[in-house]
Amino acid sequence: MMNFEKRPLGRTSLEITALGLGCATLGGHRIPVTRDEGEGIARAAWAAGVRYVDTAPYYGFGQAERCVGDALRAIPRNEWVLSTKVGRLLRPQAEQPAGDISRPPMPFDGVFDYSYEGIIRSFEDSLQRLGLARIDILYVHDIGAKQHGAEAHFGIMRTFREGGYRALEELRRSGIVRAIGIGVNEREVLLEAMEWGDWDAFLLAGRYTLLEQGPLDDLLPKCLHAGISVIIGGPLNSGILAGRDTWNYKAAPPQVVARVDAVRGVCDRHQVPLAAAALQFPLAHPAVAAIIPGPRSVAEFEANLRLLRYPIPAALWADLRDAKLLHPDAPTPT
């Protein structure tokens, strides 16, 4: 077992391990992962010392939450921190032809609902799927103009602000959950929400990585000032920083491939795996509480552990900065 650093979550009393387990892959609807494999990944993470687990109803349309609950239910709940997400309800799926490869692992479809009733229903449904009596952190999932379109975003955000956010505040105030936040792939909606909400943590996937550092210009300094922790999802940018060809869940465009190749060239000169630098980089920022890569297997999880321990010379970070492959203000690991 590794003795992972624990970091405070916002202004709450929660502490989470700097390495968390992202459970999108446990859903098995992008990359086939069986229930047994998913539970094995969760158990391997626990055995290695990971004490923060993030899941969502959308991941496998219920499968990931079931995997997490079944794998970790016997472990005392005060020994680990669990987050899941609200904003989608799962509805029974219409019949599809047998053998349809697009069919998700569980027979449900996700329906967006950011209303007061929708948030409460989503939370209660997650408790049932998990088979657990407590969820520590609730993130509102996939809200924002890039997700829903600029025209629809105004009305969706109004519904959430007037209804769903009130539900989150009530759950936090009553102590039923201990922290609330937003989990998205776009930083703009987080900046917008900071103007009117009281948040503990944001889960930002793929936007603060070795490849992309735009949040240094606005979001990260504002979160640091406000006492909002940031959890980094997708630190490998959907795989392209781990040697695969996907970025943002699809084939990477040529300009992204070229930038990754340039970063890899610097890493190669220092004999450091690209993925090691990618996993370690986000944790250097003081606003970041954890990274939550989503391993596809126990072997991949164990490989991530080795990459997190891989020694990286300071000269690598200096060379990346000199080559203008790092933001000038980006903190780097020491």
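A salt bridge here is a side-chain nitrogen of Lys or Arg within 4 Å of a carboxyl oxygen of Asp or Glu. In this predicted model, 21 salt bridges are counted by that rule.

**D70 and R35**
- The side chains of D70 and R35 form a salt bridge, with an N to O distance of 2.5 Å.
- D70 belongs to helix α2 (residues 63-72) and R35 to helix α1 (residues 35-48), so the pair ties together parts that are 35 residues apart in sequence.
- D70 is partly exposed, at 31% relative accessibility, and R35 is partly exposed as well, at 29%.

**R244 and E300**
- A salt bridge joins R244 and E300, whose closest N and O atoms are 4.0 Å apart.
- This pair links distant parts of the chain, 56 residues apart: R244 sits in the loop between β11 (229-233) and β12 (246-247), and E300 in helix α10 (residues 298-308).
- R244 has a relative accessible area of 31% and is partly exposed.
- E300 has a relative accessible area of 19%; the cut-off for buried is under 20%, so E300 counts as buried.

**D261 and R264**
- D261 and R264 form a salt bridge, the closest N and O atoms being 2.9 Å apart.
- Both residues lie in helix α8 (residues 254-269), and because they are three residues apart, about one helical turn separates them.
- D261 is partly exposed, at 42% relative accessibility; R264 is partly exposed, at 27%.

Terms used. Residues numbered from 1 in each chain as written. Predicted model: local features only at pLDDT ≥ 70, side-chain atom pairs only at ≥ 80, totals over all residues. Heavy atoms only, no water. Helix = DSSP H or I, 4+ residues; strand = E, 2+ residues; numbered from the N terminus. Buried < 20%, exposed > 50% of the residue type's maximum accessible area, 1.4 Å probe, protein only.
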